[in-house]
Amino acid sequence: MRRSIVEGIGHYLPQRVVENSEFEDKLDTNDAWIRSRTGIERRHFAAKGETTSDMGTKAAFAAIENAGLSPDDIDAIILATSTADLTFPSAATMVQNGLGMQHGFAFDVQAVCAGFVYALATANSMIASGQANRVLVIGAETFSNLMDWSDRGTCVLFGDGAGAMVLAAQDDPSSSRGVLAINLRSDGRYKDILFVDGGVSKDTTGHLRMQGKEVFRHAVEKLSNTALDALEQAELTTADVDWIIPHQANKRILEGMAKRLKVPMERVIMTVHDHGNTSAASIPLAMSTASSQGRLKKGDVVVTGAIGGGLAWGTAVIRW
Ligand code: UT7
């Protein structure tokens with residue numbers, strides 16, 4: 001079977017950095033609470049008029065450049081988002097246009113914070129089946145547009161940004177690099193613990209609503225279990241893992257997961273302090289940050305997992 005390998009990674013963060021202290025004037029909250037309960041210190045917010053596809057396009061250019069390629073080399077674009085610019089067309093086709101691509105195909109995937117893992121799984125399957133040779137997988141979000149600014153339990157948690165990965169068919173049969181296993185899960189019974197109370201058929205954009213404690217409990221348990229299931233599928237154990245790159249929602253979730261997996265925190269990539277929770281963008285943002293710091297090396301075993309609204313969750317095991 002054809003395997004897909006990571007050829008390039010890149011990201012884009014909007015210029016505006018919002019420190020925790022900025023919330024102190026408007027809400028009954030403070031920097032110390034946010035830091036100690038979440039690990040978040042700051043996040044980026046998109047400028048007025050700066051859209052998900054604008055950020056996705058910039059991240060896409062960065063990933064293509066990182067791979068040493070041009071947009072002509074890309075067959076398809078799969079963009080994970082819950083905050084597309086418009087109801088339709090897809091943000092992915094807007095990125096396609098932004099890249100000047102008139103060939104191939106592009107579409108969005110919506111699995112909220114797990115969106116990047118779902119998009120990666122789709123790209124991997126398309127490459128394995130021969131439908132595409134090189135797919136741009138993007139996570140891009142403007143969650144700041146979904147915040148209820150009077151709800152201190154949610155509005156301090158989220159940020160905006162985009163990350164992108166070039167995933168390509170492996171052309172060296174002797175190489176062990178590539179996507180080794182993917183485990184996807186969802187359970188719609190949990191709709192009411194994390195959702196947006198609006199949408200096209202409700203005739204309002206709505207705001208994000210979350211029962212934080214409940215989501216936290218599910219996150220630690222389900223992220224650990226899906227990681228173990230994916231590792232088993234790949235015939236690996238946690239001892240083989242070089243890096244865990246989890247969805248960046250809360251430092252304490254990452255610590256809880258690492259403890260359950262018996263993996264030291266030195267092997268967990270953490271960017272939540274600088275980015276907040278950027279939903280589907282959080283994994284490629286964390287990957288791109290770790291890669292630019294020289295931490296991710298070719299051949300490293302990377303376990304990357306996420307959970308979010310649905311609930312939907314999943315893990316990919318990649319030999320980088
Ligand atoms: O990406 C999708 C996945 N999302 C997540 O994984 C998020 C999961 N949940 C969490 O990260 C945490 O549950 C939160 C950070 C949302 C909340 O932390 P917590 O330790 O579970 O706090 P809590 O909700 O139990 O609230 C404890 C107290 C409450 O006050 P009382 O009722 O004890 O007086 C809250 O009202 O902290 C209060 N609180 C705050 N205080 C200051 C909640 N938000 C804030 C705030 N500043 N921003």
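Residues are numbered from 1 along each chain as its sequence is written, and the model is predicted, so local features need pLDDT of at least 70, side-chain atom pairs count only at pLDDT 80 or more, and totals for chains, interfaces and linings use all residues. Side-chain values use heavy atoms, with hydrogens and water left out.

Domains first. Domain 1 spans 3–170 and domain 2 spans 178–319, with bounds from an automatic or database domain assignment. Their C-alpha centres are 15 Å apart. Domain 1 puts 52 residues into the contact, domain 2 puts in 49; contact means heavy atoms within 4.5 Å.

Now the area. About 3,800 Å² is buried between the domains, 66% of it from carbon and sulfur atoms. Buried area here is the accessible area (1.4 Å probe) that two parts lose on being put together, summed over both.

Next, salt bridges: a side-chain nitrogen of Lys or Arg within 4 Å of a carboxyl oxygen of Asp or Glu. The structure holds 15. Two run between domain 1 and domain 2. Aspartate 148 pairs with arginine 209 at 2.9 Å, N to O.

Take aspartate 28 and arginine 152, at 3.5 Å. They lie 124 residues apart in the chain. Aspartate 28 is exposed at 65% relative accessibility; arginine 152 is partly exposed at 47%. The cut-offs: buried is under 20% relative accessible area, exposed over 50%, partly exposed in between (1.4 Å probe, protein chains only).

Terms used. Helix = DSSP H or I, 4+ residues; strand = E, 2+ residues; numbered from the N terminus.
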